[in-house]
Amino acid sequence: FRIMAGKVKWVTDIEKSVLINNFEKRGWIQVAENEDWNFYWMSVQTIRNVFSVETGYRLSDDQIVNHFPNHYELTRKDLMVKNIKRYRKELEKEGSPLAEKDENGKYIYLDFVPVTFMLPADYNLFVEEFRKNPCSTWIMKPCGKAQGKGIFLINKLSQIKKWSRDSKTSSFVSQSSKEAYVISLYINNPLLIGGKKFDLRLYVLVSTYRPLRCYMYKLGFCRFCTVKYTPSTSELDNMFVHLTNVAIQKHGDDYNHIHGGKWTVSNLRLYLESTRGKEVTNKLFDEIHWIIVQSLKAVAPVMNNDKHCFECYGYDIIIDDKLKPWLIEVNASPSLTSSTANDRILKYNLINDTLNIAVPNGEIPDCKWNKSPPKEVLGNYEVLYDEEMAQSDGTDRDLRGRPGQSTGVKGSRARDSGKPVLTTWK
């Protein structure tokens, strides 16, 4: 039988060996020269080919693949923001308490992505926003690239005039001849540890979007910059100060090859509990879980929920110095390359636990099963949100019926009163 089919260009031999070992352990694979098919972890390009209208390929019931056909609705930077904006507007129209705003017009519960515009399409809107606060710093990212490629910071309009065909009209060259970018308000007050900026890489597994069922991997990690952070405009071009991507930081003079500039999430928890308190730390992680679930709900209506698919996303979260988490981006193919010994163990277990949920007990895959595995096979995963369970418990309906009740949103009132915390995504 086949769990994953198709040719794939492996990023590294390490990734291939880790996956092959996991497949062999389950008796799913026999590597032989004369095999007509094999088990593969598909690349996003292979997924596009498999689900392409032109190819006419049809997956059988015993074939399961590791991406949803249009995963890019969440994993392309511009589409993620577009879908979250649409989601917020829809909740506003419904009169949902989740879309409540403060006196300044900011979302109270759904303000978790930095102010973002698409270029070239939203250039004039960006200029209008920039002029409200001309001292602000913005970060530009190409929509379709990863690993920090093509990213740079700006704090003057003149710095992006090269994207403009005519500075007088501020009109950009056509989309087809110039790569699309997103430009976001830079979070210039990140939480620092040891004076250095960091972000969180968290793994989230989605087994189905309708109904939404997702799992949080408990063994995420922090990625640190190698150079101490400064908001100084003289360091805007120093990516070792601003970008946490390992693909960039590993080229720095101060990069440590033993720990790879990484901390486990559990270490971050201990640090925050000791410096900020346990209650504040719990609230922070509640909000991170809230952000993840809301981002998945935002794309669920447009996601092609093919029964053959599951997906493990790499979420990038930044925490500011007020302990507010921000969603930066979501990766469709989070790196499985190990930069340290601990990294290799983590990613081996990540693949192992992911496959145990996608195909419980190592049995022959069957895309018709209800995709709700027994608790004992979850490994380091924990259920983050189960829409069927939430609806049967009345949690979602209860939230919508209580405008302004923060217990249903983030659980803060319940915690203040000493009662058990209940959140809508649990």
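This is a predicted model: local features need pLDDT of at least 70, side-chain atom pairs count only at pLDDT 80 or more; totals for chains, interfaces and linings use all residues.
View 1. Strand E13 covers residues 325-331 and is joined to strand E12 by six bridges, the two strands running antiparallel.

**View 2. The hairpin of E12 and E13**. Between the two strands of this hairpin there are five residues. Leucine 323 takes a positive phi near 60° in the hairpin.

**View 3. The pairing of E12 with strand E8**. Strand E8, formed by residues 196-209, pairs with E12 in the antiparallel sense, and seven bridges connect them. Within this view, leucine 200 stands opposite isoleucine 317 of E12.

**View 4. The two faces of strand E12.** Strand E12 comprises residues 311-319 and is mostly covered, with nine of its nine residues buried. Glu311, Tyr313, Tyr315, Ile317 and Ile319 point one way from the strand. Cys312, Gly314, Asp316 and Ile318 point the other way, and the residues of both groups are all buried.

**View 5. Helix H4 and the glycine that follows.** Helix H4 consists of 18 residues, numbered 77-94. From its first C-alpha to its last, the helix reaches 26 Å, close to the 26 Å expected at 1.5 Å a residue. Among the buried residues of H4 are Lys77, Asp78, Leu79, Met80 and Val81. Further along H4, the buried residues include Asn83, Ile84, Tyr87, Arg88 and Leu91. Glycine 95 follows H4 and has a positive phi, near 75°.

Conventions:
Residues are numbered from 1 along each chain as its sequence is written. Side-chain values use heavy atoms; hydrogens and water are left out. Buried means under 20% relative accessible area, exposed over 50%, partly exposed in between (1.4 Å probe, protein chains only). Helices (H or I, at least four residues) and strands (E, at least two) are DSSP runs, numbered from the N terminus. Two strands pair if DSSP finds at least two bridges between them. The expected span of a helix is 1.5 Å times one less than its number of residues.
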